[in-house]
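Let's take a walk through a protein model together.

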Amino acid sequence: MSERSAIRNGVLIDESQAVLPVTCREVQNSFSVYEALRITDGHIVHLDDHLRRLAASCSDIALTHPFTDQLIESSLNELIRKDGIADATARILIVGGPEPLFFITYTDLLTYPESYYIDGIAVTLYYGERFLPQAKTSNLLMQYIALEEARKKGAFEALLVNRKGQVLEGTRSNFYGIAGSRIYTAPDELVLSGITRISVLKASQKLGFEIVYTPPTVTNLHMFDSLFISSTSMGAMPVNSVNGNHVKRDAWEEVKEICALEREWE
């Protein structure tokens, strides 16, 4: 028996029973969507926002299922109570098909060394475009390959570059460039609008920045005062190099302020 519990179609099970049928056509074709949520002090962070995006992802790929927001929320809370979860990363997975499946599992809360926020992180560039960028689907092969290549080069994240040379987002993060009092980032229709991205942009505006929905490009990355990424687990994290080339650090204090304010709202 596993020490952890999980949820399957609204029912508590042992984590070892949270498995997918490999003969299922929908499993074989990754016809599924997911959300990753932070649980801190037993509190589910931005739950309503995650549920809205989960529903939107289902709609985007025409995945119909009988699982209501109320069932998902009550299942999450039941799992938290059963296992006494304080801090964790929970994953909601919905698989479509004639007999839809709904799972909730969890892992230890993702945390990162303080040095990542003080010294910044290295990123690489990967030329490729996500399929259905606004839907959070389980079709993650390109992201997997890009991130593995980045890790082999000693980098923390890979940034995805489209055919126009625009740097849109990371494999698991959103991406931004600061230039003076403006923050440049890709428009919502070109990327997955992360839950943390929404808070980061609100925090940036509260701190006096103007948001410009034009993505940085490969050719102008070196011109920005600072570059940074954001995600549910990371908050806002500064970038110190791209493909081994150092970038400016002039606005790192502002990145720290954005990160601090975003975390306050959790």
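Look for the place where T196, S199, V200, A203, S204 and K206 in helix α6 meet I258, L261 and E262 in helix α7. Sorted by type, the residues of this contact are 4 nonpolar, 3 polar and 2 charged. Bear in mind that you're looking at a predicted model.

How do you put a helix pair like this into numbers? Two packed helices are described by the angle between their axes and the distance between the axes. Helix α6 covers residues 195–206 and helix α7 covers residues 252–264; their axes are 9 Å apart, at an angle of about 120°. Because of that angle, α6 counts as oblique to α7. The two pass each other in a right-handed crossing.

Helix α2 (residues 47–60) and helix α3 (residues 69–83) have axes that come within 11 Å and cross at roughly 135°. Why isn't this pair called antiparallel? That label needs an angle over 145 degrees, so α2 is oblique to α3. Here, too, the crossing is right-handed.

Which residues do the touching? From α2 come L47, L51 and L54, and from α3 come D69, I72, E73 and L76. The residues of this contact divide into 5 nonpolar, no polar and 2 charged.

A56 belongs to helix α2. Is A56 buried, partly exposed or exposed? Its relative accessibility is 37%, so A56 counts as partly exposed; the in-between class lies between under 20% for buried and over 50% for exposed. Over in helix α3 you'll find Q70, which counts as exposed because its relative accessibility is 59%.

From A56 to F224 is 168 residues along the chain, and their C-alpha atoms are separated by 33 Å. Q70 and N243 are 173 residues apart in sequence, with 45 Å between their C-alpha atoms. For another example, go to P98, in the loop between β5 (88–95) and β6 (101–108). P98 and H65 are 33 residues apart along the chain, and 9.0 Å separates their C-alpha atoms. At 77% relative accessibility, P98 counts as exposed.

Most residues other than glycine have a negative phi. You'll find D41 in the loop between β3 (32–40) and β4 (43–44), and its 72% relative accessibility makes it count as exposed. A62 also has a positive phi, near 60°, and isn't glycine. With a relative accessible area of 59%, A62 is exposed.

Let's finish on the inside. The largest nonpolar core has 36 residues, and F228 and I229 touch the most other members. Apart from it lies another core, this one of 25 residues, including I7, I39, I80 and I94.

Note on methods: Residues numbered from 1 in each chain as written. Predicted model: local features only at pLDDT ≥ 70, side-chain atom pairs only at ≥ 80, totals over all residues. Heavy atoms only, no water. Core = buried A, V, L, I, M, F, W, Y, C linked by side-chain atoms within 4.5 Å. Buried < 20%, exposed > 50% of the residue type's maximum accessible area, 1.4 Å probe, protein only. Axes fitted to C-alpha atoms, helices over the stretch in contact; angles between N-to-C directions. Helix = DSSP H or I, 4+ residues; strand = E, 2+ residues; numbered from the N terminus. Parallel < 35°, antiparallel > 145°, perpendicular 65-115°, else oblique. Left-handed = near helix turned anticlockwise from the far one by under 90°. Contact = heavy atoms within 4.5 Å. Nonpolar A, V, L, I, M, F, W, Y, C, P; charged D, E, K, R; others polar.
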